[in-house]
2 protein chains.
Amino acid sequence: MTGRLAIAGLGPGDAALITPEVSAALAEATDVLGYAPYVARVPAREGLRLHPSDNRVELNRASEALKLAAEGRYVVLVSSGDPGVFAMAAAVFEALEAAPECGDVAIRVLPGVTAMLAAAARAGAPLGHDFCAMNLSDNLKPWELIEKRLRLAAEADFSIALYNPRSASRPEGFVRALDVLRTAGCGERLVIFAHAVTTPKERIETVPLKDARPDMADMATLVIIGNSATRRVGRWVYAPRRAS
Amino acid sequence: MTGRLAIAGLGPGDAALITPEVSAALAEATDVLGYAPYVARVPAREGLRLHPSDNRVELNRASEALKLAAEGRYVVLVSSGDPGVFAMAAAVFEALEAAPECGDVAIRVLPGVTAMLAAAARAGAPLGHDFCAMNLSDNLKPWELIEKRLRLAAEADFSIALYNPRSASRPEGFVRALDVLRTAGCGERLVIFAHAVTTPKERIETVPLKDARPDMADMATLVIIGNSATRRVGRWVYAPRRAS
């Protein structure tokens, strides 16, 4: 008997941002897998097996989810935010390529509110014009590629959302990213640091890039760098819809 | 008495993708404003005034919403998808700059599942690596800027989500966009056409860019152009997490 696998996004933190589609899947699941802090957000109930796992084991976790589903279970694999944005969905499809015996599992991807949308909403509308989203972690790509993309994004005058800007193990990456953008002439652009957005620890800070300090970001921070037209009105920050 | 204004995202279409936060705001509102097809998605109830309006009057609609809120009403201004992505939030902040007398209105932006996330979820995980999002409408920016951004996005090897790819009044823009990307060497990249995603009219089609025809897109289509590594596994399309 072949089961089901839903790859679900829990949103940025606030339970009021979990879609009814995801809540329904969690209510029906037999097994929930995910990085431990995300699994901890799922309400326990009788008959539901929770399988929390460590960070940085995405591919193992994805394979395990597929395997359980292939055995006939109804598995929900949880990510924070949206599962398709720097999260578990891509890992599942990688795992699926390596496990053709799981090809009959009924897979669904259940979208969610990804961190940059929640951060943007709290700040105003900094993603109201063309933008890009980058994962600043260099675990899975060379730093040279990150620098190249930052330079091209600056030249394109995209607003830039940066996921995973800074971790204890590689604090220097974000320092270099800020340097690249300063060198590219972005010193006057507004930068939003959105920490732990929609949680009780939320903190939003906006400064011009030239005044941004690396320690304003950690792994729970989503950074949005405005485009050249991004401006303030009162306490809000927004990208005008019109560009010339 | 000063009221409240919530700028809310209704998600891509399916009611199961409306966040509980947005549903709560709609349940409490006195007035709902928005483009008529979006207002039509809000359940009617006694005491709730619906103010549908035409397309392309974003700034007027935003001003009207602020004015009603300043009179003490609880106004919800609805967008499809997420209000911060090519939708009403930026228009409200533009209107607020022009209406300092509305500066006391309590504004909240309520995020939602934007079309590219829902389209990506249906297709697999094409936004699982760095990507950009562009509005292909040239109502508010010159076409030269759109072309420049497309060229730079191709050079950066971003996956590219295109909103508003094509309308009856300017069918040629999308044709030119495909040409720019072909010339930039993207002919082999996979392109996903996600039409009316999460609605009963949903239709998803994936072809290499060299085989893409402009009539595969209309204004209800979200287009995602994969990066150079985007690949298929079974019926799914995904961007590998690793890049070299």
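1. How many Å separate the centres of domain 1 of chain A and domain 2 of chain A, taken over C-alpha atoms? The separation of these two centres is 28 Å, with domain 1 covering 4–113 and domain 2 covering 116–238 of chain A, bounds that come from an automatic or database domain assignment.

2. On conventions, this is a predicted model in which local features need pLDDT of at least 70 and side-chain atom pairs count only at pLDDT 80 or more, while totals for chains, interfaces and linings use all residues. Residues are numbered from 1 along each chain as its sequence is written, and chains are lettered from A, with ligands numbered from 1, in the order in which they are written.

3. Between the two domains of chain A, seven residues of domain 1 are in contact with nine residues of domain 2 (contact: C-beta atoms, placed from the backbone, within 7 Å). The domain 1 side has five nonpolar, one polar and one charged residues, where Ala, Val, Leu, Ile, Met, Phe, Trp, Tyr, Cys and Pro count as nonpolar, Asp, Glu, Lys and Arg as charged, and the others, Gly among them, as polar.

4. Chain B is superposed on chain A by a rotation of 180° with 0.0 Å of shift along its axis, at an RMSD of 0.0 Å (least squares on the C-alpha atoms of residues with pLDDT of at least 70 in both copies). That is the relation of a two-fold axis, and the C-alpha of chain B nearest the axis, that of B:C132, is 1.9 Å from it.

5. The contact between the chains takes 57 residues from chain B and 57 residues from chain A. On the side of chain B that touches chain A, α4(B) gives the largest share, seven residues (helices are DSSP runs of H or I, at least four residues, and strands are runs of E, at least two, numbered from the N terminus). That side of chain B divides into 36 nonpolar, 10 polar and 11 charged residues.

6. Strand β7 (residues 131–135) of chain A pairs with β7(B) in the antiparallel sense over three bridges (pairing requires that DSSP finds at least two bridges), and A:F131 has B:A133 as its bridge partner in β7(B).

7. In the largest nonpolar core, of 178 residues, A:V92 and B:V92 touch the most other members. Such a core is a set of buried Ala, Val, Leu, Ile, Met, Phe, Trp, Tyr and Cys residues joined through C-beta atoms within 7 Å, buried meaning that 20 or more other C-beta atoms lie within 10 Å of a residue's own. Not counting residues up to four places away in sequence, B:V92 touches B:I7, B:A62, B:A65, B:L66 and B:L77.

How values were computed. A residue is buried if 20 or more other C-beta atoms lie within 10 Å of its own, exposed if 12 or fewer, and partly exposed in between; C-beta atoms are placed from the backbone.
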